[in-house]
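You asked for comments on this model before the next meeting. My notes are set out as numbered points below the structure.

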Amino acid sequence: MKKALYPLLLAAVSAAGVSAAVPVYLDPDAPLDARVEDALSRMTLEEKVAMCHAQSKFSSPGVPRLGIPEIWMSDGPHGVRAEINWNDWGHAGWTNDSVTAFPALTALAATWNPEMSALYGKNVGEEARYREKDVLLGPGVNIYRTPLNGRNFEYMGEDPYLASVMAVPYVRELQKNGVAACVKHFALNNQEKWRGNINVNVSDRALYEIYLPAFKAAVQDGGAWSIMGAYNKVWNQHCCHNHRLLEDILRGEWGFDGVVITDWGGAHDTREAALNGLDIEMGSFTNGLTSESEFTYDDYFLADPFLELIRKGEVPESVADDKARRILRLIFRTAMNTRKPFGSLHSPEHYAAAKAIGDESIVLLKNNGILPLDPARGMRVLVVGDNAVRRLTDGGGSSELKVKDYISPLEAMREVFGADRVEFARGYAAGRPMYERVDTIPQALQDSLRAEAVAKAADADVVVVFGGLNKNAWQDCESTDRESYDLPFGQNELIEALVSVNPNVVVANITGNAYAMPWAARVPAVLHASYLGTMGGASLADVVSGRVNPSGKLPYSIPVRLQDCGAHAFGTDSYPGVESAEGDVLFGVCAPQQTYAEDILVGYRWHDTKKIPARYAFGHGLSYTTFAYGKPAISARELRAGGSLTVTVPVTNTGAREGSEVVQMYVGDDKASVLRPAKELKAFEKITLAPGETREVTFTVTPDMLAFFDADAHAWRTEPGAFTLYVGTSSADTPARAKFRLVE
Ligand code: BGC
C-alpha cells in the first residue's frame with residue numbers, strides 16, 4: 001500500500017463506524033425518494049461525480065463503498081446486443097450472450113397493433129433482464145423524415161401519433177422487468193449523414209407537432225426511466241447538453257424524473273454538460289490527446305473537469321446532487337430492484353412473440369391475385385435474392401445482434417413448399433456487412449449472377465424475389481445514409497430481366513426504408529417487409545403461402561421519386577444540409593447547417609397537402625381478403641370545449657377468409673388561419689373479421705385532436721370552424737367521411 005493512502009483509509013474507516021441497523025436506502029419498502037435522499041446523504045462529492053460518467057464502454061459506476069451497484073447498459077432496441085469489450089468496440093467473445101432477434105422497430109410500427117408493442121417490450125425485457133442489463137438502449141422514436149436515413153429501421157415511422165401509440169406499451173412492459181428503457185435519440189436525429197455536428201434548424205411548430213410527441217408519450221405515458229441525447233445540434237447547441245431540450249422541455253414541461261444519458265461520444269463541453277441537464281456521459285473519447293485504448297475515464301467532461309468546476313465554486317454542488325439523485329433513482333428502479341423478475345433467454349415464448357410481430361408487420365402492397373401461393377399445387381418456385389440467405393441481424397451498427405437461431409427466407413420457403421420444389425439463385429452480390437466501408441463488387445460477378453437467375457426463372461412456375469436493402473454501410477446502417485433512392489446492386493435491372501422471362505414474379509423485399517419501384521406496374525405482387533429477426537424467414541414464407549393473412553400497414557409513405565418527399569423538395573439546405581464556413585470540425589466536416597424546410601408537412605402530410613400522390617401511401621396495406629367501409633354515423637354535428645363526439649363506421653369482411661384490418665381515422669381542418677396538413681392521423685384500431693362479418697368501429701373525437709401548436713403563444717390552440725373526419729384503410733383511401741363544427 002502506498003504510504004500516503006494509509007491516513008486516508010484510517011479516516012474513512014473511523015467515519016464509517018459500525019452499525020447493525022439497515023439503512024433506509026437498502027430498505028426496499030421505503031419510499032423511493034427517501035432511499036435516494038438517504039443514499040445521497042452518505043455520498044462524497046467524488047462519489048457523486050463518479051456516477052456521472054462511464055467506467056467502461058457500456059457501464060457506469062455505482063458506489064462500491066455503499067454496496068450500490070454499477071449500471072449496465074446494452075443496445076437495443078431489437079434485442080440485447082452481444083457483450084462488448086471493456087475499453088473498445090470489439091466483441092468480448094462470450095459464449096452465453098446470443099439472443100432472440102426481434103423484428104426491427106419499423107416492423108413493429110407496421111403492425112399498427114399496440115398489443116404487439118406490449119408483447120415486444122415484455123419479451124425483449126425478459127432477455128435484457130436475463131443478461132443482467134439495467135438499461136436497454138431503445139426504443140428509437142425519431143421521425144422518418146427522408147427515405148435516405150440509414151437508421152429509419154430503428155424507428156417507428158413518419159407519424160408522431162402512430163409512433164407515440166406504439167412506443168408506450170414497449171416502454172411499460174420492458175420496464176416491468178426492472179430494465180430501464182432509454183428512449184433515443186432526443187431529438188431531431190433524423191439522418192445519419194453528419195450526425196455528429198449538423199445543426200438542425202426547425203420551427204417550434206414542427207418540433208412540437210412532429211418531432212417531440214413520441215418522446216413525450218414515452219416519457220409521460222410510458223414512464224421511461226432514461227432518455228438518450230442525440231449526436232446532432234439544434235439551436236447551435238449539441239443535443240446531449242442542450243438547455244432548451246433537456247432543461248426547459250424534458251424536465252420543465254414534461255416533468256421527467258429519470259436520467260439523461262449521452263449518445264456514445266455525444267458530450268462536448270463540461271460546463272454545458274454540467275448545467276444543461278445531462279446526467280451520464282458515455283462513449284467519449286478523452287481529451288483528444290489519447291487514443292481509445294488509453295481511455296482515461298477521469299478525463300471525461302463529467303469527470304475530473306466537472307469536479308474541478310465544483311471545487312472552484314463555479315458550479316454549485318447541488319448540480320452534482322441533482323444528477324446523483326436521478327442516477328440513484330435509476331439504480332433503485334433497476335439494478336437494486338430486489339423484486340424484479342429473473343427474465344429468460346431465447347425461450348420458445350420469445351420466438352413465438354418475434355414470429356407473431358413479424359407476421360403482423362408484413363405489408364402487402366400489391367396483389368393481382370397471384371398471392372397466396374398454395375403449396376398444395378406443387379409448383380416449382382425459384383427463390384432469388386441475397387436477402388433470402390443473408391443473416392440480416394448482422395451489421396447495421398449498434399443494433400446488430402448475435403442470434404442463437406436465424407431462419408432465412410430460403411430455409412422457410414423450402415420447409416413450406418418442399419425442398420425439392422424450391423430452387424435458389426442469388427441474383428446479385430451485396431458484399432459483407434461492414435461499418436463505414438463496403439466491398440467492391442465486380443460487374444462481371446453481378447452479370448453472371450443475374451444471368452443465372454434469369455435462366456432459372458424461365459423454368460420456374462413462379463419466382464419470389466427476396467431482395468431489398470441490407471445492413472451494410474450506406475444501406476440501412478448507422479453512421480451513413482443511403483446515397484440513392486434506388487435499390488442497390490442492380491436489383492431494378494434484375495427484376496426487369498426476371499419479369500421479361502416469367503410474368504409470375506412476386507417481389508418480397510426486405511428493407512427498413514422506402515425505395516423506388518420503377519417496375520411496380522410490371523410485377524403481379526409486391527410484399528414489403530422489414531428486418532424481422534430470428535423468425536423472419538418463417539413469417540415471410542407463411543405470408544407468401546397464405547398460412548398467415550397479411551395485415552401490416554405502411555408506417556411511412558413510399559414516394560414515386562425521392563423529390564416527391566417533402567424533405568427533398570427544397571434542395572441541399574433541407575437535405576442533407578450544407579457545410580458552413582466556420583464552427584467545430586468533426587471527422588473533417590465543418591459544422592453543417594440544415595433547415596427542415598418542409599416544416600410540419602412530413603410524409604403523408606406533404607403528399608396530401610401538396611397533392612403529390614405517393615406510390616404507396618402511409619397506412620396502406622392489403623389483405624388476402626377484402627374490406628368494405630359503410631356509412632359513418634356521427635353522434636353530433638357540433639363539438640365544444642371539454643366535450644367529445646363519436647364517429648362510428650361499419651367495416652365488413654367482404655372476402656372469403658378471415659383477415660385483419662387497421663381502421664384509421666384522420667382529421668382535417670377545413671379552413672384555418674395557419675397552414676395545416678390536409679389531414680392527420682388521430683386514431684386507429686386493428687380488428688379481425690370472419691368472412692361476411694361486420695363490426696362497427698367507434699372513435700371518440702375531442703377538441704385536443706384538432707389543435708395546432710401556436711409558436712408565438714407557446715401553446716396548443718384550436719380554431720372554431722368546420723372539420724372533416726376521414727375514416728378508411730390508408731391515408732390515401734378514406735371512404736367514410738363526416739363533418740362537424742368546433743364551436744367556441
Ligand atoms: C448509437 C446509439 C447506441 C450507442 C451505443 C451510438 O453510436 O447512436 O444508438 O445506443 O452507440 O452503442
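The points take the domains, then the ligand, then the pocket and the cavities.

1. The model is predicted, and every value here should be read with that in mind. The chain is divided into three parts: domain 1 (24-84 + 97-333), domain 2 (362-545) and domain 3 (625-743). Taken over C-alpha atoms, the centres of domain 2 and domain 3 are 36 Å apart.

2. The ligand has 15 residues around it, and those that come nearest are Asp75, Arg151, His185, Asp263 and Glu478. Sorted by class, this shell holds seven charged, six nonpolar and two polar residues.

3. In Tyr231, an N or O atom of the side chain is 2.9 Å from a ligand oxygen. The side chain of Arg81 has an N or O atom 3.3 Å from an oxygen atom of the ligand. On its own the ligand has 310 Å² of accessible area, and the protein covers 97% of this.

4. The second largest pocket holds about 800 Å³ of space. It is lined by 24 residues, with Tyr161, Ser164, Pro213, Lys682 and Trp716 the closest to its centre. Helix H6 (160-175), helix H7 (204-211), helix H8 (213-220) and strand E24 (680-689) are the elements that each give two or more residues to this lining. H6 gives the most, with five residues.

5. Searching the whole structure gives six cavities of 30 Å³ or more. The volume of the largest cavity is about 90 Å³. Its lining has 15 residues, of which Phe102, Leu392, Thr393, Lys471 and Tyr531 are the closest to the centre.

6. Which domains supply the lining of the largest cavity with at least three residues each? Domain 1 (24-84 + 97-333) and domain 2 (362-545) both do. The classes in this lining are 10 nonpolar, four polar and one charged.

Definitions and conventions
Residues numbered from 1 in each chain as written. Predicted model: local features only at pLDDT ≥ 70, side-chain atom pairs only at ≥ 80, totals over all residues. Heavy atoms only, no water. Near = heavy atom within 4 Å. Polar contact = N/O pair within 3.5 Å; in protein donor to acceptor, adjacent residues only side chain to side chain. Areas by Shrake-Rupley, 256 points an atom, 1.4 Å probe, with all protein chains shown as cover. Nonpolar A, V, L, I, M, F, W, Y, C, P; charged D, E, K, R; others polar. 1 Å grid on protein atoms, 1.4 Å probe; cavity = no way out; pocket = protein on both sides within 12 Å on 5 of 7 lines; lining within 4 Å. Points joined across faces, edges and corners; volume = space filled by probe spheres on them. Helix = DSSP H or I, 4+ residues; strand = E, 2+ residues; numbered from the N terminus. Domains from an automatic or database assignment.
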